[in-house]
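Please look through the sequence and the structure below before reading on. The numbered points that follow are meant for someone who is meeting them for the first time.

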Amino acid sequence: MGSLATPSSDRRATISLFSRLRTAEGQADPFPIYAELRARGEVSPAPWGGLLVSSYATCEQVLRSGTWLEPDTAWRERQGARTRWSAPSSREISRTLPALNPPEHTRVRRSAGTFDRGSIDQIGRRVSHVVDRLLDTLDERLRAGEADFAALVSEELPVATIGDWLGLPSADWPRLRELTHDQVFTQELLPNASQLARSDAAMAELRTYFLGLVRERRKRPGDDPVSQWIRTWDGLEPDQDKADEAVYFLALFVLLAALETTATLLSTMTLLLVEDPDRWSLLAQQPDLVPSFVEESLRYDPPTHVISRVAAQDTILDGTEVGAGEMVHLLVGAAHRDPARFTDPDSFDPHRNPSHLAFSWGIHYCLGAPLARLEAQTLLRRMITRLPRLTLARRPASAPRVAFRRLLNLDVTLA
Ligand code: HEM
């Protein structure tokens, strides 16, 4: 049986793999690095403590099992005042839905409601309308030369969808989007001090914005989700300030969860579509493959490459002892290329229609998955039916992060 102690040569080798992973080149193509990591063991010690998991079966097992918890507020406090976990942005995010454990998680998740068929249909009409508007602008630009698909479409569609659904003024959308890009570092694998400072500043501004929004909506309620959450929380929480705070955390997290992840999916999917002319032709001839193309994009390169959990008690994971409170990093991006799970995992196969972990699994399964799928499928369908074939102008640049993928540009031209 293994344990978390590692020979220093192994430790150095893993550190070097992670240094490569954190560069722009590593992020442009992390998969060969994941393969090297897997060769060192599907469950291996992380140089900074805890474990790294690259096998699909073990990632899924951890996500489904009640033995593994979210690093919640109490866990973060135990890590001490001088760690990243004590940063104000980390403390703030620890009070949002995905950082809660039962029974609090169950209560808050129920209060959030879900995207039922009716609301998805309603949002769907709005999504189709926004997609058409964005593709009109893209088309116009393309006729004059090349265009950045990421800026014109991928970044715009999620903020227009969520902004409209939550009833946020469109003048606020660009600033909110910037803030979501900044806050993400507190959820990154190994943020440095200046990245954490950016997260702290962004989170403080988002707190002021959303608490103001909740108080405003309380004065003028409507049939939007924020007003609905106020009604729900007024029934759960007698103290109005506490009810407002609970609604603030829901609205905040929906915005944080929905923007970057969906924008990354839209860009990755479009990159996969335009970098190979055969894929465009295939989809144009068989539009029924659109949902499967989206699922394969989510497998091939998911927006979130790392999901973390902590052990609720001393346990054994794939033959390795893990102490209570120890963290495991589930390398979902690596697990999606696990040859034990997927045949020919490095090939993109639009017919594969895989199950995957891009939206997590278990009690924290993404609440917004139906909405993300709706946006991606609508965009893909409209692109292949409305536009002439697009082609990639140059390889895009990636943000040098590990857990949260982000294409900084996606320059395309007419083929
Ligand atoms: C492609 C787009 C998206 C991806 C890849 C994604 C991914 C994820 C993942 C991996 C988790 C679970 C994290 C964990 O297990 O610790 C999660 C949770 C969540 N997501 Fe998404 N998400 C996406 C879009 C959205 C959208 C559009 C919304 C809202 C409209 C949303 C709302 C949420 C919420 C509220 C949770 C917390 C669920 C809970 O902890 O119970 N997500 N998402």
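1. Pro103 lies in the loop between H6 and helix H7 (104-112), where helices are DSSP runs of H or I with at least four residues, numbered from the N terminus. The peptide bond that leads from Pro102 to Pro103 is cis, with omega near 5°. Most peptide bonds are trans, and most residues other than glycine have a negative phi.

2. A word on the basis of this note: the model is predicted, so that local features need pLDDT of at least 70 and side-chain atom pairs count only at pLDDT 80 or more, while totals for chains, interfaces and linings use all residues. Residues are numbered from 1 along each chain as its sequence is written, and side-chain values use heavy atoms, with hydrogens and water left out.

3. Two residues in the loop between H17 (332-335) and H18 deserve a look, namely Asp344 and Asn353. Asp344 has a positive phi of about 50° although it is not a glycine, and Asn353 likewise is not a glycine but has a positive phi of about 45°. Asp344 counts as partly exposed at 48% relative accessibility, and Asn353 counts as partly exposed at 47%; here buried means under 20% relative accessible area, exposed over 50%, and partly exposed in between, with a 1.4 Å probe and protein chains only.

4. At what angle do the axes of helix H11 and helix H14 cross? The axes of H11 (residues 173-183) and H14 (residues 240-274) come within 9 Å and cross at roughly 90°, the axes being lines fitted to C-alpha atoms, for helices over the stretch in contact, with angles that run from 0 to 180 degrees between N-to-C directions. H11 and H14 are therefore roughly perpendicular to each other, a term that covers angles of 65 to 115 degrees. Leu176, Arg177, Thr180, His181 and Gln183 of H11 meet Leu255, Leu256, Leu259 and Glu260 of H14, where contact means heavy atoms within 4.5 Å.

5. The buried residues of H11 are Trp173, Leu176, Arg177, Leu179, Thr180, His181 and Gln183. These buried residues pack against several helices, including H8 (117-144), H12 (193-219) and H14.

6. Thr208 lies in helix H12 and is exposed, with a relative accessible area of 58%. Thr208 and Tyr248 are 40 residues apart along the chain, and their C-alpha atoms are separated by 9.6 Å.

7. Helix H16 (residues 290-300) is mostly covered, with ten of its eleven residues buried; among them are Phe293, Glu295, Leu298 and Tyr300. What covers the buried residues of H16 includes H3, H14, helix H15 (277-285) and helix H18 (369-386).

8. The second largest pocket holds about 490 Å³ of space, a volume being the space filled by probe spheres set on grid points that are joined across faces, edges and corners. Of the 24 residues that line this pocket, Ala28, Asp29, Phe31, Tyr300 and Arg337 are the closest to its centre. On a 1 Å grid over the protein atoms alone, a pocket is an open set of points where a 1.4 Å probe fits, with protein on both sides within 12 Å along at least five of seven lines, and lining residues have an atom within 4 Å of a point.

9. Which helix gives the largest share of the lining of the second largest pocket? H3 does, with five residues, while H2 (24-28), H3 (31-39) and H14 each supply at least two residues of the lining.

Technical notes:
Parallel < 35°, antiparallel > 145°, perpendicular 65-115°, else oblique.
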